[in-house]
Every structure is written in structure tokens, then in C-alpha cells.
Amino acid sequence: MRKPYQFFILLFIFFNSQSYAQKILSGVITDSLDKPLTSANLLAVPKDSLQEVKFSITDQKGRYHLSLKSMPYTVTVNYLGYAKKKFNIKLHKDLVKNIVLQEKAESLEEVVLEMPMVVKKDTIIYNVNKLITREERKLKDVLKKLPGVEVDKDGGITINGKKVTTMLVENKKFFNGGTNLAVDNIPADAVKQVVVLDNYNEIAMLKDFQESEEMAMNIKLEDDKKNFIFGDIVAGLGND
Amino acid sequence: MKKIILLLCISSSLFSYAQSGIINYTAQMNLQHQKEFIEELKKDEKVTMSVKQQVIDLYKNAEPDYFELHFNESESYYFKDESLKKEEGYTMGSKAGQMPFYTNTYTNVIIEDNRIFSFISHEPLDWKITNEQKNIGDVACFKATTTETLYSRQGNFYDRNIVAWFAPEYPVEFGPSNYSGLPGLVLEVERKEFTITATKINLNPNEDRLKIKCVDKDEKITSQKESYKKIAEMMKDRKKN
């Protein structure tokens with residue numbers, strides 16, 4: 001026998017237990033001299049990857065506040081110029097935990113980081129000048145240096161095991177769109193960026209409805225080298 | 001004795017001033033959005049062919065925009081780098097905005113330096129962090145999502161889903177325009193129209209390279225709501241004329 005109110009009671013208990021499951025972890029983050037750290041970051045990553053990640057940023061008095069479910073979390077505490085701290089926690093009741101961070105000695109040095117490779121949904125962009133040594137002569141020498149790219153001796157290109165079917169230069173098909181002509185002829189110093197487009201479709205509107213096995217490579221050229229001359233000159237000398 | 005202590009205090013505060021950085025971003029219009037817009041325009045029968053062709057050309061030749069984010073321990077300034085733009089009349093950009101943003105984490109303000117309505121203060125966004133991770137360059141990033149409500153010049157509200165990838169490795173809460181307030185530097189922002197990606201991270205740069213333009217306390221700052229009203233009024237006036 002099923003009574004409608006039983007369902008509601010169950011629902012009520014369910015939601016109640018949900019809200020009670022939230023426990024609060026709070027405290028103050030300071031440096032080794034007891035000075036509170038403002039804008040320190042806390043990130044609580046649950047072991048169960050389907051649950052939401054929680055975070056907190058300390059206020060002017062160094063206070064933080066995390067409301068966590070009672071399940072295991074890994075909490076990372078970060079502050080620029082300080083050594084990061086990591087701990088595992090599973091809350092059964094509210095907890096106050098003060099954290100002390102240690103200063104890193106080398107924090108004043110200048111650090112420069114450049115992004116050589118950017119991956120978007122089905123696009124990979126290689127910023128070529130960060131990855132090459134300037135000894136390369138042709139496009140194929142450049143491509144061989146890019147992570148995940150392979151060039152075989154017939155001029156075929158594979159990216160992470162998938163063959164490139166269309167070759168574009170500045171968004172236009174390079175001759176018949178085959179890769180072999182391009183890899184042997186485009187000079188290496190004219191290449192600025194290599195863009196790989198997976199699931200490529202010439203009709204853009206079909207892209208979302210149709211999975212394509214096509215993969216295109218688009219070569220972007222340096223601004224001052226858009227009109228390059230390609231080909232090799234070979235000279236020989238006879239014995240006469 | 002007191003002087004020595006004072007000196008010590010000053011020098012120690014100078015040393016702890018190590019949190020600064022300059023981040024370069026590139027914003028690009030999404031290909032999908034570009035194609036969709038052109039398809040829509042082609043169907044529109046009110047627009048004449050010549051205008052259509054001009055607009056299509058503009059979209060097809062859209063250039064990326066370059067931005068810089070400068071920050072110290074409590075403030076950040078985000079602005080467009082115009083020096084990299086080519087000088088060939090009007091070109092289409094990335095649609096990722098033109099206006100500089102100033103943020104201050106002590107006073108909790110995000111202010112847009114809008115040239116038409118002076119200063120507009122923005123509400124912080126309500127982020128949800130997922131467990132999804134990916135690498136941007138060599139930096140591990142977490143995915144955060146939110147919905148932003150925007151106001152169009154036609155006078156209606158519309159929602160946009162925002163995806164931000166932030167790096168807990170760089171524990172500052174700054175990011176491009178108003179996409180900040182996450183437990184780590186924002187390295188990538190995806191919206192329907194555009195994608196903003198960090199191309200260079202420079203930590204602890206030379207102090208005199210740092211360019212942070214503060215907003216004076218005396219400046220008149222309008223809220224987002226007020227600015228919407230102003231936009232609506234302006235549009236009305238324009239229709240009358």
C-alpha cells in the first residue's frame with residue numbers, strides 16, 4: 001500500500017539529511033610570524049570526482065570558511081611566495097583549523113612562462129617559435145619538433161595517431177589540399193603558428209550534427225612572409 | 001632604538017611585497033560563432049547585399065585582440081594592448097570587450113573604466129568549480145562555470161554561460177575583465193562569442209614595468225543597474241532623432 005504522505009516524509013528526511021551533511025571548516029591563515037595572510041587560496045577537492053569542488057579566499061584578517069559535505073576532501077592552501085600546504089580531511093562536525101604557511105626563499109626572482117601549445121575543444125594551436133631551434137629548413141622539420149606530430153617519409157602527417165586529411169595555408173587549401181607538397185616546400189622560417197582542427201568539416205553548419213573523420217592542419221604565416229617563394233635550387237658541376 | 005624598529009618594519013614590508021605579475025592574454029572570436037553569425041546574416045532579407053558582403057568580410061577577417069593583466073598583492077588592472085594592432089582602418093576584433101578593468105581585493109571592487117558612462121562597478125560572479133581538469137601549457141587548471149547576465153544595446157537582458165580555467169598553482173584571485181574571484185589565476189575564459197587564453201605569465205617583473213591605474217575615490221562610480229538605465233535612455237533619444 002502506498003500513501004502519498006509517506007513519499008513526502010521520505011523527501012523531507014532526504015533533504016534534511018542533505019542540509020545537515022554540510023560541515024564547516026574555518027580558521028585563520030598566517031605566516032610564521034603570526035601575520036594574517038589576505039587573499040590566500042584554499043581549494044577543497046573531493047575524492048569523489050562527481051562532487052563539487054569548494055573554495056575559499058581569505059579576507060583581510062586571514063579568515064577562511066569552507067562548507068564541506070562529510071566525505072573525504074584534499075585541501076590545498078596556496079599563497080604566492082609561500083610553500084603550499086596540502087592535507088586530507090573528513091569532517092564529522094564543524095572544525096576550526098588555523099594554518100601557518102612558510103615563506104619560500106626564492107620568491108623574489110622573476111619567472112616568465114610562455115605557452116607553447118594551446119588545446120581548445122577540437123583545436124590544437126602550436127606557437128612554433130617557442131618549440132623550434134631555428135635550424136629547420138622546411139615545414140616538415142618544424143612539424144617533427146611539435147609534440148604529438150609525426151611526419152612519414154611520403155609527406156603524410158599524423159597527429160596523436162590520426163592522419164591529417166586537408167592542408168590549409170592561411171585558411172585556404174594548399175594546392176589540392178594534400179600534405180606532401182606542403183611539408184617539403186614551405187620554408188620553416190615563414191611559419192608562425194600551426195593550428196590543428198580535428199573533426200573538420202568544410203560546411204561549418206554540419207559540424208555539430210555530423211562526426212567527421214577529417215582532420216585539417218592550418219599553417220599561419222609570419223606577417224612579413226605571407227608571399228614566400230618555394231622550391232629548391234640545385235646546382236651541380238661537371239668534370240669537363 | 002625606535003627608529004631602527006621602524007626601519008625594520010618598513011624593510012620587511014618591502015620584502016613581503018613580492019606578489020606581482022604581468023599576464024598576456026590573446027582573445028579570439030570563436031569560429032563557430034563567426035560561421036553562425038554569417039549564416040544568420042545571409043538569411044536576413046532586410047539587409048542589402050552590399051552591406052551584407054561588407055559585414056561578412058569584416059567577420060571573416062576578424063583579428064585577435066591582445067590584453068595585459070597587471071597585478072600586485074591587492075589590485076589588478078586589465079587593459080587592451082593597442083600597440084599590436086595593425087593600422088588598416090577598421091577591423092573586427094574578438095568581441096571580448098574593449099574597456100579596462102580595475103579590481104581591488106581589499107575593498108572588494110571590480111570597476112570597468114567605460115568611456116561612455118565613466119566608471120561602472122560590477123558584482124562579483126558566483127562561480128561553481130567542477131572536478132574537471134586540463135593543462136594549459138604546462139600548468140594544471142581547474143574548470144569553473146558561471147552564468148553572466150548581460151544587457152544588450154537593444155534593451156533586453158540575456159544570459160551567457162562562462163567557462164573559466166584557473167590555475168591553483170598561481171594563487172591570486174585575478175583574471176581577465178570581471179572573470180576573477182577564483183582560487184587561482186584565470187588562464188582561459190570561454191564564452192559563446194570568444195575565447196581568451198593566457199599566452200605568457202611573468203611573475204615578479206621589474207617594478208617599473210607594472211602599470212596599475214587606480215580609480216580615484218572621488219570618481220563617480222555607477223552601478224551596473226544604473227548604467228543599464230542610461231543605455232536605455234540613450235537608445236530612446238537616438239530613436240527619437
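Me: Which residues touch the most other members of the largest nonpolar core?

Reply: In this predicted model, the largest nonpolar core holds 86 residues, and A44(A), F166(B), L185(B) and L187(B) touch the most other members. Strand β11 of chain B, residues 194–203, gives the most to this core, with 5 residues.

Me: Why is this core said to lie between domain 1 and domain 2 of chain A?

Reply: Domain 1 (21–106) and domain 2 (121–240) of chain A both give residues to the core, so it lies between them.

Me: What is A44(A) in contact with, leaving aside its neighbours within four places in sequence?

Reply: The contacts of A44(A) are V53(A), K54(A), F55(A), L66(A), L68(A), Y73(A) and V75(A).

Me: Why is P116(A) called partly exposed?

Reply: A residue is buried at 20 or more other C-beta atoms within 10 Å and exposed at 12 or fewer. P116(A) has 18, and is therefore partly exposed. P116(A) is found in the loop between β9 (111–114) and β10 (117–120) of chain A. Residues up to four places away in sequence aside, P116(A) touches Y126(A), N127(A), K130(A), L131(A) and G137(B).

Me: What makes K162(A) partly exposed?

Reply: K162(A) has 14 C-beta neighbours inside 10 Å, and therefore counts as partly exposed. K162(A) belongs to strand β14 (residues 162–163) of chain A. A separation of 9.8 Å is found between the C-alpha atoms of K162(A) and E150(A), 12 residues apart along the chain.

Technical notes. Residues numbered from 1 in each chain as written. Chains lettered and ligands numbered in written order. Predicted model: local features only at pLDDT ≥ 70, side-chain atom pairs only at ≥ 80, totals over all residues. Helix = DSSP H or I, 4+ residues; strand = E, 2+ residues; numbered from the N terminus. Contact = placed C-beta atoms within 7 Å. Core = buried A, V, L, I, M, F, W, Y, C linked by C-beta atoms within 7 Å. Domains from an automatic or database assignment.
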